[in-house]
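Student: I have a model open on my screen and I'd like to learn how to read its features. Can we go through it together?

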Amino acid sequence: MLQTKRVSGLLVLGAVLAAPLSSQTLDPPAPPDLGRFFPSDGSPEDGQRTLGAFPRNLGRGLVGVFSKDSLAPLLIGAAVSGGSSFLDTRTRSAVSSPASIFGNAGDTGGSFPVMAPIALGLFASGRLVGDGRFRAASYDITEALILSEVYTEVMKRAVHRTRPDGSDNYSFPSGHTSAAFAWATVANAHYGPKVGIPSYLVASAIGASRLVKDKHYLSDVLAGATLGYIVGRTVVRENGEPLARRTRVSLVPTSDAKGTGAGVGLSVEW
């Protein structure tokens, strides 16, 4: 009976995680029209999603997370994550089973050391093929994975929350979940629900596995899902902007008021 309750709880959690975020596509319910970002020959528009522009695009994505476009999902995610904190202890008692196959599978499959090589493989493949949509999607997935890892690590070290199993103080937010939802959001943006829904379900399963593994509380997982969704959404939006309308991030020389000191500053042009 206890095992049945655990499985039922996981299925409900997967539905809760997937439904609200999968409904917030860039252009619901139909997949967004990315055709204008690709010329007729199927290759990405020159100067946008190129290998040489990757560092610059990372910087733009890093800054772009703070745009007004992120406000609504941030507020919704913060409210859901904050409200779920009252259920953290109860959820842990209901579903945690650190030795389970499901928890171990999510622990391994959703980790950055596993996801990063897969993303890099897709990225390399995307550079070699002529399919513009796949090239763009693989490019955005790689960038979103990196950015989700950066923001997750910053938040983990800032919040310093102890994991349920007491193993360390980096519980909030769930990095496995943020990476998985960033990936799913990019996939949904480029290919629509036929790829997006399965991707969100896999991301939800990875998030649920972190509860079973006793590595995260429910609020950690929901916060990770929110972060991943915002990062994925930002990357697709920023990389899809026409060059003339893009946020420009650059390093510029600086000096003090007397003009005697020299340094380097970060310039952001919206």
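Student: How much space lies in the largest pocket?

Tutor: The general idea: rolling a probe the size of a water molecule over the atoms shows where empty space is left. A pocket is an open set of points on a 1 Å grid over the protein atoms alone, where a 1.4 Å probe fits, with protein on both sides within 12 Å along at least five of seven lines. Here the largest pocket holds about 300 Å³, the volume being the space filled by probe spheres set on the points. Bear in mind that this is a predicted model, where local features need pLDDT of at least 70, side-chain atom pairs count only at pLDDT 80 or more, and totals for linings use all residues. Residues are numbered from 1 along each chain, and side-chain values use heavy atoms, without hydrogens and water.

Student: Which residues lie nearest the centre of the largest pocket?

Tutor: Lining residues have an atom within 4 Å of a point. There are 16 here, with L74, M155, T226, L227 and I230 nearest the centre. Helix α3 (71-84) gives the largest share, 5 residues.

Student: How do the axes of α7 and α8 cross?

Tutor: Axes are lines fitted to C-alpha atoms over the stretch in contact, with angles from 0 to 180 degrees between N-to-C directions. Helices α7 (residues 132-159) and α8 (residues 175-191) come within 8 Å and cross at roughly 155 degrees. That makes α7 roughly antiparallel to α8, a label for angles over 145.

Terms used
Helices (H or I, at least four residues) and strands (E, at least two) are DSSP runs, numbered from the N terminus. Angles under 35 degrees count as roughly parallel, over 145 as roughly antiparallel, 65 to 115 as roughly perpendicular and the rest as oblique.
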